[in-house]
Amino acid sequence: MGQALWRLPLDAGQQQQLQEELVDHLANREQQRAGEQATREGGPQSRPPQHCHGLGTDIYQLLRRGGRAQHRFIDLEMLPPELSITILSYLNATDLCLAGCVWQDLGHDEYLWQGLCKSTWGHCSIYNRRLPSGFSYRRLYLQLDEGSLTFNGNAHEGISYFMSKGILVDHPMELAKFIFYTRRLNCKMLRMYLDERRDVLDELVTLHNFSNQFLPNALRGFFRHIHAPEERGEYLETLIIKFSQRFCTCNPALVRELGLSPDAVYVLCYSLILLSIDLTSPHVKNKMSKREFIRNTRRAAHNVSDDFVGHLYDNIYLIGHVAA
């Protein structure tokens, strides 16, 4: 981080205080050097004092000065708001409440809590409504944290909690956006919920944009939001079908150029999953070669070129599993 980011503009009182401290510091240095030179005959002459360029001060030094005078805690209120949000975003709700006790003014800063809510839960229905007087983003943060913990224990109870607090609206697209922009939901509970709510799953798939993405990379991004089941079954087949259709919709030019279709992408996705297991599993001793992968894939997808299938193999070999 550049040094300029660690500078703060100072008011007139702070500038005067720093100037006085600088003058006293330089004077003390000159007195020490003069005393040392007087006691040491023929000693080297002292160098002239170095000039200080600029009146800014490092944030760290400024905070340490305030910390020694008061509670020995770094005062986050003196940091830029963006830096404060970044620091506090690593804390959970309990630690944030404790931090709010230490930095009381900061703990009641609604702009800070609003930033923490939207950086952790990117979409909630309540964000788009007119908020009532007395609304508290700090209270909303605690409710979102409580709802996420409830969801991770029971998905339906978690969604019901969000709706009871007015945080979410019972609409497939609203629920899909909430899931898409949230990273605190347990993947197993989320997988079970989407398996039951196929209407939410359909909307969630449409939120993905696979334009100009290489097929394995697009599949990794898809499984990053919609986690693949641990075993092959009807739900995995449904996910791959929906992904294949969405991939072709987002890449019409690529579909025409390579002669792809949703059925061909479906076959390639299964081939990529099987290849991922083959190359990454320690239980498979004889790994599939590139030539074998091309031959096996071309039997199922006749219109795909050998070069394209070879690039698919290279991607899995170099980057890894598509559903890890």
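What share of the contacts with a separation of 6 or more joins residues 24 or more positions apart? I looked this up and found 62% in this chain, a contact being heavy atoms within 4.5 Å.

**Basis.** I note that the model is predicted, that local features need pLDDT of at least 70, that side-chain atom pairs count only at pLDDT 80 or more, and that totals for chains, interfaces and linings use all residues. Residues are numbered from 1 along each chain as its sequence is written, and side-chain values use heavy atoms, with hydrogens and water left out.

**Overall make-up.** I recorded 17 helices and zero strands; these are DSSP runs numbered from the N terminus, with helices being H or I of at least four residues and strands E of at least two. Of the 324 residues, 38% are buried (buried is under 20% relative accessible area, exposed over 50%, partly exposed in between, with a 1.4 Å probe and protein chains only).

I then examined Lys290 and Asp314, whose closest N and O atoms are 3.1 Å apart. Lys290 is partly exposed at 34%, and Asp314 is partly exposed at 27%.

For Arg198 and Asp195 I read 2.6 Å between the closest N and O atoms. Asp306 and Arg298 also form a salt bridge, at 2.7 Å. Through shared partners, salt bridges join Asp195, Arg198 and Glu234 into one network.

Methods
Salt bridge = Lys/Arg side-chain N within 4 Å of Asp/Glu carboxyl O.
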